[in-house]
Amino acid sequence: MSDATSDQVVREAVQAQRAREVFGRYAVACDGGDQTALAALFHPEATAVYVEDSELTGGAEIAAWVIGAMAHLVWQQHGLTVMTADVDGDRATAVAYLTATQVAADTPDTAMVMNCRYDAELELVADDWLIRRLHFGVGTIEQRPVQLGSLAATARTAGQHV
């Protein structure tokens, strides 16, 4: 492999990793209820479809919908695994699997656990990967008895939305 070829392979691998990291920031922003951070991950002309809800447009609208959909929760955790991230110049596609655990305020002894999939298109804008198109689908949902631990208690006491 020539130096030029190995340099290109390294650049492509770095860009794929950077595209993958968008999903980690997405999960943390969701769990922290950080609407501003969440909106910043989306392209200004982004579109998103969550399950069968109408198509949302733009980072602000998407983030407001996501954070609003979780407002009733006292605890949540998004475990996202990016299965594929394929980069082609300034565009990328990614598939991520989500296991989300959520506890609602009115049922603090029960967790809803969802196994879901994100299909995404990303665009490199000013050296930042942004979500251009996002489709979210749910595979399974189950209810489990739970006892909230110290992380949930700390978040509630601190007034954080998680």
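**Figure 1. The hairpin of E3 and E4 in a predicted model.** Two residues lie between the strands of this hairpin, and Gly 89 takes a positive phi near 70°. Strands here are DSSP runs of E with at least two residues, helices are runs of H or I with at least four residues, and both are numbered from the N terminus. E3 and E4 run antiparallel and are joined by 14 bridges. Two strands count as paired if DSSP finds at least two bridges between them. Val 82 has Ala 96 in E4 as its bridge partner. Residues are numbered from 1 along each chain as its sequence is written, and side-chain values use heavy atoms, without hydrogens or water. Because the model is predicted, local features need pLDDT of at least 70 and side-chain atom pairs count only at pLDDT 80 or more, while totals for chains, interfaces and linings use all residues.

**Figure 2. Thr 81 in strand E3.** Thr 81 counts as partly exposed, because its relative accessibility is 44%. The classes are buried (under 20% relative accessible area), exposed (over 50%) and partly exposed (in between), with a 1.4 Å probe and protein chains only. Leaving aside neighbours within four places in sequence, Thr 81 is in contact with Val 95, Ala 96 and Tyr 97. Contact means heavy atoms within 4.5 Å. Ala 105 is 24 residues from Thr 81 in sequence, and their C-alpha atoms are 27 Å apart.

**Figure 3. The open sheet of six strands.** The strand order is E2-E1-E6-E5-E4-E3, with mixed pairing. Strand E2 (56-57) and E3 stand at the edges. Each has a single partner strand, so one side of each is left without a neighbour in the sheet. E1 and E2 pair in the antiparallel sense over two bridges. Thr 47 has Thr 57 in E2 as its bridge partner. In a regular strand, side chains alternate between the two faces of the sheet.

**Figure 4. Val 22 in helix H1.** Is Val 22 buried or exposed? Val 22 counts as buried, because its relative accessibility is 0%. Not counting residues up to four places away in sequence, Val 22 touches Leu 41, Leu 122, Trp 129 and Ile 131. Trp 129 is 107 residues away from Val 22 in sequence, yet 7.0 Å away in space, C-alpha to C-alpha.

**Figure 5. The largest nonpolar core.** This core has 39 residues. A nonpolar core is a set of buried Ala, Val, Leu, Ile, Met, Phe, Trp, Tyr and Cys residues joined through side-chain atoms within 4.5 Å. Phe 23, Tyr 26, Leu 38, Phe 42, Tyr 50, Tyr 118 and Leu 134 have the most contacts inside it. Elements that give two or more residues include helix H1 (3-32), helix H3 (59-69) and strand E5 (110-125). H1 gives the most to this core, with seven residues. Apart from this core lies another, of five residues, among them Val 74, Trp 75, Val 103 and Ala 152.

**Figure 6. The surroundings of Tyr 118.** Which residues are in contact with Tyr 118, leaving aside its neighbours within four places in sequence? Among them are Phe 23, Tyr 26, Tyr 50, Leu 80, Leu 98, Leu 134 and Phe 136.

**Figure 7. The whole protein.** Four helices and six strands make up the secondary structure. From the N terminus on, the elements run α-α-β-β-α-β-β-β-β-α. Of the 162 residues, 38% count as buried. The C-alpha atoms fill a box of roughly 60 × 30 × 30 Å, taken along the principal axes.
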